[in-house]
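Subject: Structure handover

Hello,

Please find the structure below, followed by notes on what was found in it.

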Amino acid sequence: MNTTRRRARLGACVAAGLALALQMMPLYAYVLPAAEEFAPAPLRVLGEGEMRWLGFKLYDVRLLVAAGASAPEADPHALAIRYARDIDGRRLVDTSIDEMRRLGERDEATLQRWRDELARALPSVRAGDTLVGLHQPGEGARFWHEGRLTAEIDDPELARAFFAIWLDARTREPELRARLLGLDGRAQ
């Protein structure tokens, strides 16, 4: 085989490898902004997965916990969500409130107050954007969009209810929850 053909094949192999790496990148390209600054210990990935609706990919998500923690219930933890589609902030907030209601919150005055808080925390996103939420149990939560702080919420119940959307045993997506918790697909 002549040198030109070898270079062409090598170039094709490198291009194919790069294309594969770029396809895998969304799960590995999260940038944790100052979330780590607020965590008591460095954060590590506990689990990750993707959310689909009617076959369409909505986002990739990672659950990060403090080093040494095996479950997020009592320790600070973060969800990093990298969106695959453009989604209006009002829709993110409405969906979050609907899920909190489904999980048991019935007080409409509380839900309205939470809606107002989440409207500050959850802006409209474009495909490729990342939202990070850091839950500090007993204190509240902080949210970042593309590395910029969007909200600090000093309401422990709102923070608990928001993160329960993904982590509560009654979640709408038990297989995603199991992957986030590192349970190898066994919903708990």
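Is Phe 162 buried or exposed? Phe 162 counts as buried, because its relative accessibility is 7% and the cut-off for buried is under 20%. Please keep in mind that this is a predicted model.

Helix packing

Phe 162 also takes part in a helix contact, where it is one of the α5 residues that meet α3. Helix α3 covers residues 89-102 and helix α5 covers residues 156-167; their axes are 9 Å apart and the packing angle is about 95°. The two helices are therefore roughly perpendicular. On the α3 side the contact consists of Ser 96, Glu 99 and Met 100, and on the α5 side of Leu 158, Ala 161, Phe 162 and Ile 165. By type, five residues of this contact are nonpolar, one is polar and one is charged.

Asp 168 sits in the loop that lies between α5 and α6 (174-180). With a relative accessibility of 19%, Asp 168 counts as buried, since the cut-off is under 20%. Leaving aside residues up to four places away in sequence, Asp 168 touches Leu 103 and Arg 177.

Strands

Strand β2 (residues 56-66) has nine of its eleven residues buried, so the rest of the structure largely encloses it. β2 pairs with strand β1 (residues 43-53) through ten bridges, and the two run antiparallel. Within that pairing, Glu 48 has Arg 62 in β2 as its bridge partner. β1 and β2 make up a hairpin with two residues between the strands, and Leu 54 in the turn has a positive phi of about 55°. β2 is also joined to strand β3 (residues 77-83), by seven bridges and again in an antiparallel arrangement. Here Leu 64 is opposite Ala 78 of β3.

Regards

Note on methods. Residues are numbered from 1 along each chain as its sequence is written. This is a predicted model: local features need pLDDT of at least 70, side-chain atom pairs count only at pLDDT 80 or more; totals for chains, interfaces and linings use all residues. Side-chain values use heavy atoms; hydrogens and water are left out. Buried means under 20% relative accessible area, exposed over 50%, partly exposed in between (1.4 Å probe, protein chains only). Helices (H or I, at least four residues) and strands (E, at least two) are DSSP runs, numbered from the N terminus. Two strands pair if DSSP finds at least two bridges between them. Axes are lines fitted to C-alpha atoms, for helices over the stretch in contact, and angles run from 0 to 180 degrees between N-to-C directions. Angles under 35 degrees count as roughly parallel, over 145 as roughly antiparallel, 65 to 115 as roughly perpendicular and the rest as oblique. Contact means heavy atoms within 4.5 Å. Ala, Val, Leu, Ile, Met, Phe, Trp, Tyr, Cys and Pro count as nonpolar, Asp, Glu, Lys and Arg as charged, and the others, Gly among them, as polar.
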